[in-house]
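These are my notes from going through one model.

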Amino acid sequence: MGSVEIPTKVLTNTSSQLKMPAVGMGSAPDFTCKKDTKDAIIEAIKQGYRHFDTAAAYGSEQALGEALKEAIELGLVTRQDLFVTSKLWVTENHPHLVIPALQKSLKTLQLDYLDLYLIHWPLSSQPGKFTFPIDVADLLPFDVKGVWESMEEGLKLGLTKAIGVSNFSVKKLENLLSVATILPAVNQVEMNLAWQQKKLREFCNANGIVLTAFSPLRKGASRGPNEVMENDMLKEIADAHGKSVAQISLRWLYEQGVTFVPKSYDKERMNQNLCIFDWSLTKEDHEKIDQIKQNRLIPGPTKPGINDLYDD
């Protein structure tokens with residue numbers, strides 16, 4: 001298996017026009033400090049992965065940091081080759097806690113700077129009280145203006161090269177854009193063939209915000225059949241191209257100008273997820289994909305759910 005050259009997407013809302021690799025390696029909360037995690041990341045780097053996505057809430061920053069440090073020491077990559085994203089959890093989603101949280105993530109990752117730092121959810125909760133799901137009783141008002149000013153400060157301090165958000169609806173983005181001096185570079189959201197986010201894509205494109213898809217293969221919740229991976233029409237499209245359904249899904253995202261962070265530590269699948277850049281979907285494929293029934297997979301991080309989280 002050779003190394004694949006991964007195309008990049010320019011983050012137009014960054015002053016340096018930072019380039020983000022189109023595909024990254026996501027890390028799920030089940031990502032622990034076991035040796036196989038480290039091996040998976042080293043393997044990913046050998047295959048060509050440069051973009052690694054984590055979050056304070058995942059508990060995976062330490063393992064990722066150790067693996068990246070080892071890869072750099074082995075001479076596989078330099079820090080400049082890598083693109084590392086982490087996220088601010090809801091307990092620190094308060095103006096005075098942003099910089100300390102960012103510094104803590106850097107320390108855990110053993111890095112001097114992040115490439116991208118995201119607000120994980122448009123929610124704030126009781127500082128220091130980490131529970132998942134988040135108890136609705138612990139929610140506090142989200143000071144979007146104050147938090148974003150602190151995110152902008154992190155950028156000015158050189159702690160991160162770009163700032164953005166995650167799980168923000170069009171309405172939440174409009175609120176943010178009305179108070180932001182520096183526009184968010186990225187919005188990371190659930191996006192897959194059964195949740196195509198057309199309205200959000202249009203809004204983000206119009207405002208220079210690059211979308212990153214999590215759960216791009218609709219994995220990540222054990223609720224019934226997987227409407228993407230078990231879709232007969234997608235299996236037919238895949239067969240016609242001599243590809244897998246996963247590859248069709250990722251290629252569709254790529255053709256929409258969306259970046260994505262699948263979570264796979266299987267050597268073969270990691271490689272398959274990169275083999276999507278030298279072929280295209282047809283107009284007919286796109287027309288069929290447009291017909292897939294749409295519904296959201298990830299309901300939100302609170303218990304019970306809250307109505308206006310996604311504003312839909």
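**Entry 1: Asp115**

I listed what Asp115 touches, leaving aside neighbours within four places in sequence: Leu18, Arg79, Leu82, Phe83, Val84, Thr160, Lys161 and Ala162. Contact here means heavy atoms within 4.5 Å. The model is a predicted one, in which local features need pLDDT of at least 70 and side-chain atom pairs count only at pLDDT 80 or more, while totals for chains, interfaces and linings use all residues. Residues are numbered from 1 along each chain as its sequence is written, and side-chain values use heavy atoms, with hydrogens and water left out.

I placed Asp115 in the loop between H3 and strand E6 (116-119). Helices (H or I, at least four residues) and strands (E, at least two) are DSSP runs, numbered from the N terminus. Asp115 has a relative accessible area of 4%, so I noted it as buried. The cut-offs are under 20% relative accessible area for buried, over 50% for exposed, and partly exposed in between, with a 1.4 Å probe and protein chains only. I then looked for a side-chain partner and found Arg79, joined to Asp115 by a polar contact of 2.9 Å between the side chains. A polar contact is a pair of N or O atoms within 3.5 Å; within protein, one must be able to donate a hydrogen and the other to accept it, and residues adjacent in sequence count only if both atoms are side-chain atoms.

**Entry 2: Asn167**

I found Asn167 in the loop between strand E10 (163-166) and helix H5 (170-179). Its relative accessibility is 4%, so Asn167 counts as buried. Which backbone oxygen does the side chain of Asn167 reach? The oxygen belongs to His120, at 2.8 Å. Apart from neighbours within four places in sequence, Asn167 is in contact with His120, Trp121, Pro122, Asn187, Gln188, Val189 and Phe214.

**Entry 3: Trp148 and helix H4**

I looked up Trp148, which is in helix H4. Trp148 is buried, at a relative accessible area of 1%. Not counting residues up to four places away in sequence, Trp148 touches Ile119, Ile163, Gly164, Val165, Leu176, Ala180, Ile182, Leu183 and Pro184.

I next took H4 with H3. The axes of helix H3 (residues 98-109) and helix H4 (residues 144-156) come within 9 Å and cross at roughly 45°. That makes H3 oblique to H4. Axes are lines fitted to C-alpha atoms, for helices over the stretch in contact, and angles run from 0 to 180 degrees between N-to-C directions. Angles under 35 degrees count as roughly parallel, over 145 as roughly antiparallel, 65 to 115 as roughly perpendicular and the rest as oblique. On the H3 side I noted Val98, Ile99 and Leu102, which meet Val147, Ser150, Met151, Glu153 and Gly154 in H4.

**Entry 4: H5 with H6**

I found the axes of H5 and H6 10 Å apart, at an angle of about 20°. H5 is therefore roughly parallel to H6. The contact uses Val170, Leu173, Glu174 and Leu177 from H5, and Lys199, Leu200, Phe203 and Cys204 from H6.

**Entry 5: helix H8**

Of the 11 residues of helix H8 (residues 245-255), 9 are buried, so the helix is largely enclosed by the rest of the structure. I listed the buried ones as Val245, Ala246, Gln247, Ile248, Ser249, Leu250, Arg251, Trp252 and Leu253. They pack against several elements, among them helix H6 (198-206), strand E12 (210-214) and helix H7 (232-241). H8 is followed by Gly257, which has a positive phi near 80°.

**Entry 6: backbone exceptions**

Most residues other than glycine have a negative phi, and most peptide bonds are trans. I checked for departures from this. Gln17, not a glycine, has a positive phi of about 50°. Gln17 is in the loop between strand E1 (8-10) and strand E2 (19-21) and is partly exposed, with a relative accessible area of 39%. Ser215 also has a positive phi of about 50° without being a glycine. I found Ser215 in the loop between E12 and H7, and it is buried, at 6% relative accessible area.

I also noted a cis peptide bond between Phe132 and Pro133, with omega about -5°. Pro133 lies in the loop between strand E7 (124-125) and strand E8 (134-135). Another cis peptide bond joins Lys303 and Pro304, with omega about -10°; Pro304 is in the segment after strand E14 (302-303).
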